[in-house]
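Please open the structure in a viewer and keep the sequence panel at hand.

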Amino acid sequence: MSADRREWPLYEVFVRGKRGLNHVHVGSLHAPDDAMALRHARDVYTRRNEGVSIWVVRADAITASSPDEKDPLFAPNGDKVYRHPTFYEIPENVPHM
Amino acid sequence: MSDDHGSVFDGLIDGDLGGDSSQWAFGTGFEDPLAGVDTTVPAGTDPAELAAYCLMLGDDALIMSQRLAEWCSRAPDLEEDIALANIALDLLGQARLLLARAAAADPGAVPVLPEGSPVPAEDALAFFREAGAFRNVRLAEVPNGDFAHAVVRLLLFSVARLALLERLRGSADAVLAAVAGKGVKEVAYHRDWAGRWFLTLAQGTEESRRRLVTALDALWPLLDELVTAHPVEVSVARAGAGVDPASLRGEVDAVLDQVLAVSGVDRPDRPPLAGVAGRTGRHGTHTEAFGLLLAEMQVVARAHPNGRW
Amino acid sequence: MTTTPAEPDMEGLQEAFDATIARNDRIEPRDWMPDAYRRTLVRQIAQHAHSEIIGMQPEGAWIGRAPSLRRKAILLAKVQDEAGHGLYLYSACETLGVSRAELTELLLAGRQKYSSIFNYPTLSYADVGTIGWLVDGAAICNQVPLCRTSYGPYGRAMIRICKEESFHQRQGYELLMTMMRGTDAQREMVQESVDRFWWPSLMMFGPPDAQSTNTERSMAWGVKRNSNDELRQKFVDMTVPQAEALGVTLPDPELRWNEERGHYDFGEPDWDEFAAVIRGDGPCNAQRLAHRRAAHEDGAWVREAATAFAERSAGEAAR
């Protein structure tokens, strides 16, 4: 598959809707770097609402817990939020499929 | 659509997307853009001149918006598609206020429509004027090129417009002061967006730099019109309701020089685009492409002069 | 606890998955899921995302010609929303391990579909209203149940989308109402538009249940919540009174209230036409893909430049 050789990385977006609330995950977007990700987040997820606070973080910088600690498929250490197996191929960490 | 599985997202939806839709571009003030605003023409300002001045600023915004909206569904990525639409929507909002302000200041400026036509004044001005009655600068109307062209055009436009709106906040005309107050925040963002992309394209790849320099060379001759005063602008500025664009020249130069320096791009050595017998966009003398732009923009409205939309 | 990844308990994983579905609970990205479930989701979410993006074109063509500044703002904001919806849905798809770039390639290669409705042309400004009323109305019927779909990221994207879609349908209906209060020419324009879009709107729910290959399993998995025919009936029942209020005629001589069923009876859409459009032989299939391809290819140098700039900046920061 000849997808873009270098797609812009994926970012996760967190928005504080108003003062007193936590930042809450609202979605994702692609951007070439942190500064552009912030701009994109403002355009895409708040449609330019003044005064809200936005966090963006690269998806590959997030460490996530396993859904089930007893699950032998996942390493006991944390893992990335998204796995990116090539589609229609079986992830390497799942044998016998 | 309440969810049987409560999620932290529900609260956000209810809080942010529920009754209050003010953060959405379509959220506010559609019916009468000047509802509740004092439209008395300030003492010492000629109403017809104030109207012409509002048309200059309003037409700049309207025609820029028309060109920017052509990018819709054609941008390099979805995120930029959305960003360009936001900018176009901001400028369209400014245009509506300014055209409505022109009509309120001088009803004689509004084209006469058939008896009983329900078309509001802002639309009569946008859709029923001939090209020669439009007062926008030619920078706003030249046809779109590639993405670099869009970035350069918006940079030149927003650097000058931001400098203008910042001063216009002190206008003796309450409507213009209010329009400027709102517009400063919007155009500051446009300038920031364009400046950031200018730097990115300048320092990205050889290809992007080549395209950027080409666009800059092509559009630079159109910059001068934004900082050259038409007699109406001088007069309205003298009355305290407007801003003399010639007074912006220093700031516009300084800001652009800064962007060019950071980006490592030379200032083009190109003379201003000639007018016709000294007449340019502010006088109603436009480019060949402008007639085509209006043909598209006005076609449906003109086919139904008594239409309701 | 031992961690021997060589021998996963496949039966246990399948049981846990089945139990989650049975509890009407959500599957999340890092949960184990059957490969066929993942494939079905990717197919459905991608098709939905592509529909939003291709769907920008038929209406977007009228932004430049919108007959009032208010309508221009509404239409631009609406088409912009569609870009946003496509973006949310591509993001949901990315949690399943397939990137937006890959999905775009699959769309452009004709290997993934989008809604058949967008292969019909928009020929008058009334089409902007009709698309809002009928097409977005049909989409809402399809989409509201998907807010409760079994896959978490998809459901969350749908909640956000449905909130915005209700504005889309309202603006469309309101445009048509306004035009019907206008001139005779405007009323004719509305009726002509409804005549063209009625049957393609009914086709949006997909083939009849008897012919739908994917429905049964998708429903068992909670990926889909209602059958095509159920949703189509719901849409007709909802739309007929709206058409009456509007003062337009729906172009179906068989359309009448059935007291016994408590629903409207209606005629059969031309399923041969539907099949042709799906196959790629509709009036605008080639045009829509060419437009999307041009945007994607014309933007390649911009995306590359931004990546190069970001890498250079990161390199300088590191020094």
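The stops below cover confidence, a set of strands, a pair of helices and a group of aromatic rings.

**Confidence**

The model on display is predicted. For the complex, the predictor reports an ipTM of 0.93 and a pTM of 0.90. If chain C is coloured by pLDDT, the mean is 92, and 97% of the residues of this chain reach 70 or more.

**Stop 1: strands of chain A**

Select residues 10–16 of chain A, which form strand β1. Six of the seven residues in β1(A) are buried, so the strand is mostly covered, buried being under 20% relative accessible area.

Display A:Y11 here: its bridge partner in β3(A) is A:R58. When inspecting side chains, recall that in a regular strand they alternate between the two faces of the sheet.

**Stop 2: two helices of chain C**

Move to chain C and select helix α8 (residues 184–203) together with helix α10 (residues 228–246). Their axes lie 9 Å apart, and the helices pack at an angle of about 145°. Which residues of α8(C) meet α10(C)? They are C:W198, C:S201, C:L202 and C:M203, and they meet C:R232, C:F235, C:V236 and C:T239 in α10(C). By class, this contact between α8(C) and α10(C) comprises five nonpolar, two polar and one charged residues.

**Stop 3: aromatic rings**

Over all chains, the count of aromatic pairs is 16. One of them joins B:W71 and B:F147, an edge-to-face pair with 6.1 Å centre to centre and 90° between the planes. B:W71 belongs to the loop between α2 (47–69) and α3 (78–105) of chain B, whereas B:F147 is in helix α6 (residues 147–168) of chain B, 76 residues apart. Both B:W71 and B:F147 are buried.

Because B:F147 lies in helix α6 of chain B and B:W197 in helix α7 (residues 174–202) of chain B, the pair ties together parts 50 residues apart in sequence. B:W197 is buried, as is B:F147.

Finally, select A:W8, B:W71, B:F147, B:W193 and B:W197 together: ring pairs link these residues into a cluster.

Key. Residues are numbered from 1 along each chain as its sequence is written. Chains are lettered from A and ligands numbered from 1 in the order in which they are written. This is a predicted model: local features need pLDDT of at least 70, side-chain atom pairs count only at pLDDT 80 or more; totals for chains, interfaces and linings use all residues. Side-chain values use heavy atoms; hydrogens and water are left out. Buried means under 20% relative accessible area, exposed over 50%, partly exposed in between (1.4 Å probe, protein chains only). Helices (H or I, at least four residues) and strands (E, at least two) are DSSP runs, numbered from the N terminus. Two strands pair if DSSP finds at least two bridges between them. Axes are lines fitted to C-alpha atoms, for helices over the stretch in contact, and angles run from 0 to 180 degrees between N-to-C directions. Contact means heavy atoms within 4.5 Å. Ala, Val, Leu, Ile, Met, Phe, Trp, Tyr, Cys and Pro count as nonpolar, Asp, Glu, Lys and Arg as charged, and the others, Gly among them, as polar. pLDDT is the predictor's confidence in each residue, from 0 to 100. Rings of Phe, Tyr and Trp (its six-membered ring) pair if their centres lie within 6.5 Å; planes under 30 degrees apart count as stacked, over 60 as edge-to-face and the rest as tilted.
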